[in-house]
Amino acid sequence: MKKIGFLSFGHWTPSPQSQARSAGDVLRQSIDLAVEAERLGMDGAYFRVHHFARQLASPFPLLAAVGARTQKIEIGTAVIDMRYENPHYMVEDAGSADLIAGSRLQLGISRGSPEQVIDGWRYFGYRPAEGEDDAGMGRRHAEEFLELLRGRGFAQPNPRPMFANPPGLLRLEPYSEGLRDRIWWGASSNATAVWAAKLEMNLQSSTLKNDETGEPFHIQQAAQIRAFRAAWKEAGHNRTPRVSVSRSIFALVNDLDRAYFGRDQENDTIGFLDARTRAIFGRSYAAEPDVLIAQLRQDEAIAEADTLLLTVPNQLGVAYNAHVMEAILTTVAPSLGWR
């Protein structure tokens with residue numbers, strides 16, 4: 001059995017070919033898509049966060065709205081760029097959204113990827129500390145966030161408060177019990193996957209990672225997952241970690257599917273995230289169901305993961321994306337033992 005969710009980047013563009021022509025369209029359709037996903041029996045609704053782009057950005061209003069409209073589905077991010085985040089304010093936002101959703105948040109966080117603007121985090125008021133780069137700043141913000149989620153008091157109370165305080169040092173409120181165990185780290189390298197395991201975060205591995213061995217993407221990603229689990233075991237944590245991978249997968253079951261995705265990418269590609277980081281991007285899967293099943297059996301990283309996030313083309317609209325998810329659930333997942 002495998003948990004299956006969708007991952008939306010929340011693109012919008014004022015084009016007549018797009019079903020999402022404004023930010024308002026994307027936000028409302030994201031809520032509707034989560035409702036449809038729950039109806040179909042999907043396990044998760046996940047959203048990407050990008051700043052300075054025509055995509056989803058501030059995640060917590062959306063997560064809270066989805067939580068209020070659904071009952072069972074997991075609601076998450078993949079990922080929040082921690083270079084842009086105030087850990088204290090984020091704990092309050094996350095706690096509120098998690099309580100509204102009934103403890104269903106699964107928050108993916110990371111140091112982030114190259115953005116639309118140069119050093120966009122500086123416009124949010126953040127600067128790396130002396131001797132620290134922006135990646136280090138993102139990891140530092142993440143560690144502060146994780147510590148605050150433990151719910152320990154740290155702030156000295158006012159001796160003459162407006163309202164009565166509980167005894168001792170005060171913590172941030174509202175506090176959501178158990179959210180600390182539902183934080184995931186989006187790792188692009190084996191080293192950061194190991195780092196995440198030591199800090200007791202779950203692992204999110206995307207459709208790209210640092211090209212560390214020259215092997216096919218799914219083999220490198222599977223090795224990353226095994227390194228994460230080995231580090232987790234060595235750290236001696238008490239709970240079992242979760243691992244997700246993301247894939248673009250389309251079962252071609254009608255002419256519209258074939259028109260949209262019949263010539264989709266069939267091989268890994270190589271690119272550069274910055275001047276120094278060579279990355280490998282995983283292939284897309286698009287084929288008739290029987291061919292698709294055979295291809296997916298060979299993907300070692302999917303086999304290693306307990307959760308699969310299907311990246312969806314959100315600009316094609318809620319109805320079509322519901323069809324994409326239903327096709328995977330009914331024509332592919334049972335034959336692979338995911339359902």
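This is a predicted model: local features need pLDDT of at least 70, side-chain atom pairs count only at pLDDT 80 or more; totals for chains, interfaces and linings use all residues.
By class, the lining of the largest pocket comprises 18 nonpolar, 21 polar and ten charged residues, where Ala, Val, Leu, Ile, Met, Phe, Trp, Tyr, Cys and Pro count as nonpolar, Asp, Glu, Lys and Arg as charged, and the others, Gly among them, as polar. Residues are numbered from 1 along each chain as its sequence is written, and side-chain values use heavy atoms, with hydrogens and water left out.

The largest pocket has a volume of about 1,200 Å³. Pockets were located on a 1 Å grid over the protein atoms alone, a pocket being an open set of points where a 1.4 Å probe fits, with protein on both sides within 12 Å along at least five of seven lines, and lining residues having an atom within 4 Å of a point; grid points are joined across faces, edges and corners, and a volume is the space filled by probe spheres set on the points. Of the 49 residues that line the largest pocket, Arg48, Gly112, Ser113, Pro114 and Leu208 are the closest to its centre. Two or more lining residues come from each of β3 (74–81), α4 (134–148), β5 (183–186), β6 (202–205) and β7, helices (H or I, at least four residues) and strands (E, at least two) being DSSP runs numbered from the N terminus. The most is given by α4, with three residues.

The second largest pocket holds about 230 Å³ of space. Of its 15 lining residues, those closest to the centre are Ser58, Phe60, Glu85, Tyr89 and Asp93, and the elements that give two or more residues to this lining are α2 (60–69) and α3 (87–100). Helix α3 gives the most, with three residues, and the lining as a whole has ten nonpolar, three polar and two charged residues.

Helix α2 has the buried residues Phe60, Leu62, Leu63, Ala64, Val66 and Gly67, where buried means under 20% relative accessible area, exposed over 50%, and partly exposed in between (1.4 Å probe, protein chains only). What covers these buried residues includes α1 (23–40), β2 (44–47), β3, α3 and β4 (105–110), contact meaning heavy atoms within 4.5 Å. Alanine 68, which also lies in helix α2, is by contrast exposed, with a relative accessible area of 56%. Alanine 68 and alanine 101 are 33 residues apart in sequence, and their C-alpha atoms are 6.1 Å apart in space.

Strand β7 belongs to an open sheet of three strands in the order β7-β11-β10, with antiparallel pairing, two strands being paired if DSSP finds at least two bridges between them. The edge strands, each of which pairs on one side only, are β7 (208–210) and β10 (269–272), and the twist averages 30° from one strand to the next. Three bridges join β7 to the antiparallel strand β11 (residues 278–281), with leucine 208 standing opposite phenylalanine 281 and asparagine 210 having alanine 279 as its bridge partner. Four bridges join β10 to β11, again antiparallel, and the partner of glycine 271 in β11 is alanine 279. Helix α6 (residues 217–235) lies across β7 and β11 and runs at about 70° to β7, with axes taken as lines fitted to C-alpha atoms, for helices over the stretch in contact, and angles running from 0 to 180 degrees between N-to-C directions.
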